[in-house]
Amino acid sequence: MVGPRDLKSPLQGSRLIGATRRSALGLLLGTPLLSACAGVQQSLSQFGSSSPPAQPAGPPQQATTAGTGGVKVGVILPLSAAGNAGLAAQSMRNAAEMALAEFQNPNIQLLIKDDNGSPQGAQAGAQQAVDEGAEIILGPLFAQSVPAVAQVARTRGISVIAFSTDSSIAGRGVYLLSFLPESDVNRIIEYSASIGKRSVAVLVPDNAYGNVVEAAVKAAVPRRGGRVVAFEKYGSDRATPARTVAQQLGSADALFIADDGDAVVSVADAMTAAGANLRNIQMLGTGLWDSPRVYASPALQGGLYAAPDPAGFRAFSGRYRTKYGAEPIRTATLAYDAVALVAALARTQGTTRFSPDVLTNPSGFAGIDGLFRFRADGTNERGLAVMKVTTGGGVAVAGSPKSFGA
């Protein structure tokens, strides 16, 4: 957990006073606005760009409230959805209430609505929240539910901070507080270029995640003065694309594979079987590499990937375990940071607290997983660390930035 910072607010230009270690979780930081005290996308990708689970959901849960402040905030989560989605939603609700407790007397009240894992439920929950006076909506989790919530929010001129990883549903007044693959790609390509790795071979899955990564890497590599020397997508057949890339690996000094732990290990093994010596090339990846399977793979030792500094989540997990007697799901930090953010803005920004100008402040915010800022198009940028694969887990070789550039 971070301590108080005695910095100036870029919006108010005055020093904050009376901050304690707890209240510093959500107060304006000065240059960044908010101070709050792994396999990130792996847990998120189940929800962000896909449909709700096919299994029937349970009966909708009754709406509840948390906090007694005067600023009302809608929270839309699939609390009764089947399977992992419902478990994630319960953990995120716990984290939201934990942020409320740790902020120290915030002037907000959470209006918590169960969307039952459906767009119809999300729209109904959003309508209830705005009818009860919500000034901003946090959630939903499923990408296909976000437009339904946004439609309600826009009729009232209020913003939505959703948890989906699908950038295509971001837009005017709809901001995504999630771990987007684009941030991973930009960070790892930037770092690899800084250590002289500018000729990159690329292997990505032939799915929605791979499509996003493809666009990001093909933009990021030339932007950093490099070139993509080989590019292949793979489906169930990984051997053929691996052979194709292996034949061109002699002109590359880095190999970028973007997939989850099991798939990355399988692709690396296919590359080795095709004759590639992966020890002679710098392996690169995304936050999905934060996996025990990756750490145990001999072929991936020394590989580099971009991800939030794990120290923040470890500290958060410890406090969560103490409070709830269970482990938080990885998505829980998103709900915590969202509530800490709105609590901070409600305390410091007056009537403009949730306006687009405030939410898109270029200095950004500092949350559990490091710096983040919302772009005008509703997507976000995160300040990520660069981690190295070792048998003992991920080890930071470059820390997350302390501030954003222009």
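Residues are numbered from 1 along each chain as its sequence is written, and side-chain values use heavy atoms, with hydrogens and water left out. As the model is predicted, local features need pLDDT of at least 70 and side-chain atom pairs count only at pLDDT 80 or more, while totals for chains, interfaces and linings use all residues.

Helices (H or I, at least four residues) and strands (E, at least two) are DSSP runs, numbered from the N terminus. An open sheet of 6 strands has the order S1-S3-S2-S4-S5-S6, with mixed pairing; two strands pair if DSSP finds at least two bridges between them. Strand S1 (64-66) and strand S6 (174-176) form the edges, each pairing on one side only. On average, and with direction ignored, neighbouring strands of this sheet are turned by 25° against each other. Within the sheet, strand S4 (residues 136-138) and strand S5 (residues 159-162) run parallel and are joined by 3 bridges. Ile137 stands opposite Val160 in S5.

Two helices pack on this sheet, with contact meaning heavy atoms within 4.5 Å. Helix H3 (residues 119-131) touches strand S2 (71-77), strand S3 (108-114) and S4, and its direction makes about 150° with that of S3. Helix H11 touches S2, S3, S4 and S5, and its direction makes about 145° with that of S3. Axes are lines fitted to C-alpha atoms, for helices over the stretch in contact, and angles run from 0 to 180 degrees between N-to-C directions.

Strand S13 (residues 370-374) runs antiparallel to S14, to which 3 bridges join it, and Phe372 stands opposite Arg382 in S14.

The axes of helix H2 (residues 83-103) and helix H10 (residues 310-324) come within 11 Å and cross at roughly 95°. H2 and H10 are therefore roughly perpendicular to each other (65 to 115 degrees; angles under 35 count as roughly parallel, over 145 as roughly antiparallel and the rest as oblique). On H2 the contact is made by Ser91, Asn94, Ala95, Glu97, Met98, Ala101 and Glu102, and on H10 by Phe316, Arg319, Tyr320, Lys323 and Tyr324. By class, this contact has 6 nonpolar, 2 polar and 4 charged residues. Ala, Val, Leu, Ile, Met, Phe, Trp, Tyr, Cys and Pro count as nonpolar, Asp, Glu, Lys and Arg as charged, and the others, Gly among them, as polar.

Helix H5 (residues 181-194) and helix H6 (residues 208-223) pack with their axes 9 Å apart, at an angle of about 30°, which makes H5 roughly parallel to H6. Residues of H5 in this contact include Val185 and Ile189, and those of H6 include Val213 and Val217. The contact divides into 10 nonpolar, 1 polar and 2 charged residues.

The model has 13 salt bridges, each a side-chain nitrogen of Lys or Arg within 4 Å of a carboxyl oxygen of Asp or Glu. One of them joins the side chains of Glu135 and Arg353 (2.8 Å, N to O). This pair links distant parts of the chain, 218 residues apart: Glu135 lies in the loop between H3 and S4, and Arg353 in the loop between H11 and helix H12 (356-359).
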